[in-house]
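The sequence and structure come first, followed by the main points.

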Amino acid sequence: MDIVEKLICEHKLSKEEFALLIGLRQDPGVCERLQKEALRLRRQHFGNDVYIRGLIEFTNICKNDCRYCGIRKSNANLPRYRLSEDEILSCCEAGYGLGFRTFVLQGGEDAFFTDECLVPIIRQIKERYPDCAVTLSIGERSYYSYKALREAGADRYLLRHETADKEHYAKLHPKGMSLRHRVNCLLDLKNLGYQTGAGFMVGSPYQTDECLAEDLVFLAELQPEMVGIGPFIPHHDTEYADCPAGSVETTLFLLSVIRIMLPRVLLPATTALGTEAADGRERAMSYGANVVMPNLSPTDNQEMYKLYDGKIGVGDTAQESMNKLKEGLKAAGFNIVIERGDYPT
Ligand code: SAM
């Protein structure tokens, strides 16, 4: 049995085997076989459906200093903002009208948003839109905070592990942040019954094939319900301003590997991928992706939530980004559906 066959049959490989497979990413035969199987599994579990998530970037204030990130604490050139509860609810109202049945509240780690502040916001969204899911993506918090937010009605949580290689993690993050803490948060989220999302950037500075292999082993162990991967893209106000962006082809290759490893996973075609290639998100669908996350944030704020340079869609209204996406996805043979789009049980 060759390595592609082994992955297809067993849904996992050892770290060494993953590294070997990643080393073959430029082999057209290998890519084609992986893509074919990923598309088959995507069709088996989701048909041609694409789930949409309305992204509400509600604060760009962050206490962390991740070296790659445009909203890192020490970026003094960035004007900062927070959306009010009313503004967040208006985003949901507009999104609901456009067919969104999941709202993703994403932001920096902003101390203003305590549990006391977030619980009523989550409750309001769930009361007004009982047929909708709420996803949170607000970084590392305590078990008790995750518990309170879950009890308020949050359904899902996105927390990319960023890299499963301890040394690589330490290069990308300042002292005081640790892989161990991030992984413990992911385990807490899983234990609390959140549909949990991990993930990583492709092509981040210092990343090696072994780091990527470690990421895949980590995903196979964690068995997350969602996985977010997208190319690293440099931001001009970070120390990695001159580093090259991650490869679109490698991202597509890894999407197909992840679909094969986790056949029912919710797998977004990320905005970063759409930023690096005009048709990146549409192409991702035929490599196994099944989710897109258009922006519902007010257009004035989008400019200030730039994690990296060149982010697509900035300044477009939610209606405009939806129209563009719908057209592109339809041409690629996929249909946006009006559903919560939960992890299939
Ligand atoms: N604060 C929350 C957290 O830590 O999960 C959510 C916001 S954080 C900015 C969202 C994700 O953006 C990160 O997990 C990271 O992978 C991604 N990101 C940050 N900077 C990036 C860059 N330069 N290129 C690509 N993705 C980036």
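Of the 18 residues around the ligand, which come nearest? They are Tyr68, Gly107, Arg160, Glu162 and Ile233. The model is a predicted one. The ligand takes up the space of the largest cavity.

**Ligand shell**
- Sorted by class, the residues around the ligand comprise ten nonpolar, five polar and three charged ones.
- Both Arg160 and Glu162 are among the residues that come nearest to the ligand.

- Gly107 places a backbone N or O atom 2.9 Å from a nitrogen atom of the ligand.
- Arg160 has a side-chain N or O atom 2.9 Å from an oxygen atom of the ligand.
- Arg182 has a polar side-chain atom 3.2 Å from an oxygen atom of the ligand.
- On its own the ligand has 560 Å² of accessible area, and the protein covers 92% of that area.

**Three-stranded sheet**
- An open sheet is built from three strands in the order E8-E1-E9, with parallel pairing.
- Strand E8 (291–292) and strand E9 (335–337) are the edge strands, each pairing on one side only.
- Strand E1, residues 49–52, pairs with E9 in the parallel sense through three bridges.
- Within this part of the sheet, Tyr51 is opposite Val337 of E9.

Note on methods: Residues are numbered from 1 along each chain as its sequence is written. This is a predicted model: local features need pLDDT of at least 70, side-chain atom pairs count only at pLDDT 80 or more; totals for chains, interfaces and linings use all residues. Side-chain values use heavy atoms; hydrogens and water are left out. A residue is near a molecule or strand if one of its heavy atoms lies within 4 Å of it. A polar contact is a pair of N or O atoms within 3.5 Å; within protein, one must be able to donate a hydrogen and the other to accept it, and residues adjacent in sequence count only if both atoms are side-chain atoms. Accessible areas come from the Shrake-Rupley method with a 1.4 Å probe; for residues, only the protein chains shown count as cover. On a 1 Å grid over the protein atoms alone, a cavity is a set of points where a 1.4 Å probe fits but cannot get out, and a pocket is an open set with protein on both sides within 12 Å along at least five of seven lines; lining residues have an atom within 4 Å of a point. A molecule sits in a cavity or pocket if more than half of its atoms lie within 2 Å of its grid points. Ala, Val, Leu, Ile, Met, Phe, Trp, Tyr, Cys and Pro count as nonpolar, Asp, Glu, Lys and Arg as charged, and the others, Gly among them, as polar. Two strands pair if DSSP finds at least two bridges between them. Helices (H or I, at least four residues) and strands (E, at least two) are DSSP runs, numbered from the N terminus.
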